[in-house]
Amino acid sequence: MSTPAPSLSRSRSDRVLAGVLGGVARRFDWNSTLVRALYIVVSVLSAAFPGVLVYLLLWLLMPEGET
């Protein structure tokens, strides 16, 4: 039996601003630094992806995790 994946919540320990991208990285078991760098690159290079607005929306909608 495998352990269940952690729920999608903001990270309290792996945060730079609000823990949104740290929580996404934890949920999918990815490197949080790579997730942050990729998010910034996609946000800057794509006019169709409003990175700041998406981040703020996720900050409001994602519950804060326990750890």
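Q: What makes the pairing of glutamate 64 and arginine 15 a salt bridge?
A: In this predicted model, the side chains of the two residues meet with N and O 2.9 Å apart. The cut-off for a salt bridge is 4 Å, so the pair qualifies. Glutamate 64 is in the segment after helix 3 and arginine 15 in the segment before helix 1, 49 residues apart.

Q: Why is arginine 15 called partly exposed?
A: Arginine 15 has a relative accessible area of 35%.

Q: Which residues are linked in a network of salt bridges?
A: The network links Arg12, Arg15 and Glu64. Glutamate 64 pairs with arginine 12 and with arginine 15.

Q: How many salt bridges does the structure hold?
A: There are three. One of them joins arginine 36 and aspartate 14, at 3.3 Å from N to O. Arginine 36 lies in helix 2 and aspartate 14 in the segment before helix 1, so this pair ties together parts 22 residues apart in sequence.

Q: Is arginine 36 buried or exposed?
A: Arginine 36 has a relative accessible area of 17%. Buried means under 20%, so arginine 36 is buried.

Q: What makes up the largest nonpolar core?
A: Eight residues do: Ala18, Val20, Leu21, Ala25, Val35, Tyr39, Tyr55 and Met62. Helix 1 (20-28) and helix 2 (32-45) each give two or more residues to this core, and helix 1 gives the largest share, three residues. Tyrosine 39 is in contact with Leu21, Phe49, Gly51, Val54 and Tyr55, leaving aside neighbours within four places in sequence.

Q: Why does leucine 53 count as exposed?
A: Leucine 53 has 58% relative accessibility. Exposed means over 50%, so the term applies to leucine 53. This leucine 53 is in helix 3 (residues 51-61). Leu53 also belongs to a nonpolar surface patch with Val16, Leu17, Val52, Leu56 and Trp59, with about 620 Å² of accessible area together.

Definitions and conventions. Residues are numbered from 1 along each chain as its sequence is written. This is a predicted model: local features need pLDDT of at least 70, side-chain atom pairs count only at pLDDT 80 or more; totals for chains, interfaces and linings use all residues. Side-chain values use heavy atoms; hydrogens and water are left out. Patches are made of residues with over 30% relative accessible area and no salt bridge: like charges are joined within 9 Å, nonpolar side chains (Val, Leu, Ile, Met, Phe, Trp, Tyr) within 5 Å. Accessible areas come from the Shrake-Rupley method with a 1.4 Å probe; for residues, only the protein chains shown count as cover. Helices (H or I, at least four residues) and strands (E, at least two) are DSSP runs, numbered from the N terminus. Buried means under 20% relative accessible area, exposed over 50%, partly exposed in between (1.4 Å probe, protein chains only). A nonpolar core is a set of buried Ala, Val, Leu, Ile, Met, Phe, Trp, Tyr and Cys residues joined through side-chain atoms within 4.5 Å. Contact means heavy atoms within 4.5 Å.
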